[in-house]
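This report describes how the parts of one protein chain are arranged. Please keep the sequence and the 3D view open while reading.

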Amino acid sequence: MDESVMEGLKSVKGYLGGAINNYTGECLVCDAEKLSGDLEQTSATFNDIFRDSHKISKGLKLGETEIMEIHTSKAVILMGCSGEDSRVHLHIFAILIKMEM
């Protein structure tokens, strides 16, 4: 996977970092220049949360999870799925600084 995939995300105001994982949790692309900690490891945990959400929402006959949003006191973590039935099933994670309104 080409790292240029992250370029669009990097241009978003408040962007702190992001990653793209395959369905099994392997980190394919990671950008953590503005973050402390190990985003590659953390993205694997986010990936597990996303997979659990897929299982739970499908078990409730609600369909697969497409987008998840986690709010912390300092940031928003967005997680998106390419779709379980897509040719390549990927999860993308973006971490953005929480903006005051």
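Strands β1 and β5 run antiparallel and are joined by seven bridges. One of the pairs across them is Asn 21 with His 91, the latter in β5. The model is a predicted one.

On β5, pairing also involves β4: these two strands are antiparallel, and seven bridges join them. Here Leu 78 stands opposite Ala 94 of β5. Is β5 enclosed or open to the outside? Strand β5 is largely enclosed by the rest of the structure, because six of its eight residues are buried. A residue is called buried when its relative accessible area is under 20%.

Five strands make up an open sheet, and their order is β2-β1-β5-β4-β3, with antiparallel pairing. The edges are taken by β2 (residues 27-31) and β3; each has a single partner strand, so one side of each has no neighbour in the sheet. From one strand to the next, the twist averages 10°. Strands of a sheet pair through backbone hydrogen bonds, and the pairing can be parallel or antiparallel.

## Two salt bridges

How many salt bridges does the structure hold? There are two. Side chains of opposite charge can pair when their charged atoms come close.

Lys 10 is partly exposed, at 32% relative accessible area. Glu 7 is also partly exposed, with a value of 45%.

The other joins Lys 58 and Glu 84, whose closest N and O atoms are 2.8 Å apart. This pair links distant parts of the chain, since Lys 58 is in helix α2 and Glu 84 is in the loop between β4 and β5, 26 residues apart. Lys 58 counts as partly exposed because its relative accessibility is 38%, which falls between the limits of 20% for buried and 50% for exposed.

## The loop between β4 and β5

Ser 82 also lies in the loop between β4 and β5. Its relative accessible area is 39%, so Ser 82 is partly exposed. Which residues does Ser 82 touch, leaving aside those up to four places away in sequence? They are Val 88, His 89 and Leu 90.

Val 5 is 77 residues from Ser 82 in sequence, while their C-alpha atoms are 14 Å apart in space.

## A nonpolar surface patch

Ile 56, Leu 60 and Leu 62 form a nonpolar patch on the surface. Together these three residues have about 350 Å² of accessible area.

Where is Leu 62 found? Leu 62 is in the loop between α2 (39-59) and β3 (67-71). With a relative accessibility of 64%, Leu 62 counts as exposed, because the term applies to values over 50%.

Terms used. Residues are numbered from 1 along each chain as its sequence is written. This is a predicted model: local features need pLDDT of at least 70, side-chain atom pairs count only at pLDDT 80 or more; totals for chains, interfaces and linings use all residues. Side-chain values use heavy atoms; hydrogens and water are left out. Patches are made of residues with over 30% relative accessible area and no salt bridge: like charges are joined within 9 Å, nonpolar side chains (Val, Leu, Ile, Met, Phe, Trp, Tyr) within 5 Å. Accessible areas come from the Shrake-Rupley method with a 1.4 Å probe; for residues, only the protein chains shown count as cover. A salt bridge is a side-chain nitrogen of Lys or Arg within 4 Å of a carboxyl oxygen of Asp or Glu. Helices (H or I, at least four residues) and strands (E, at least two) are DSSP runs, numbered from the N terminus. Buried means under 20% relative accessible area, exposed over 50%, partly exposed in between (1.4 Å probe, protein chains only). Two strands pair if DSSP finds at least two bridges between them. Axes are lines fitted to C-alpha atoms, for helices over the stretch in contact, and angles run from 0 to 180 degrees between N-to-C directions. Contact means heavy atoms within 4.5 Å.
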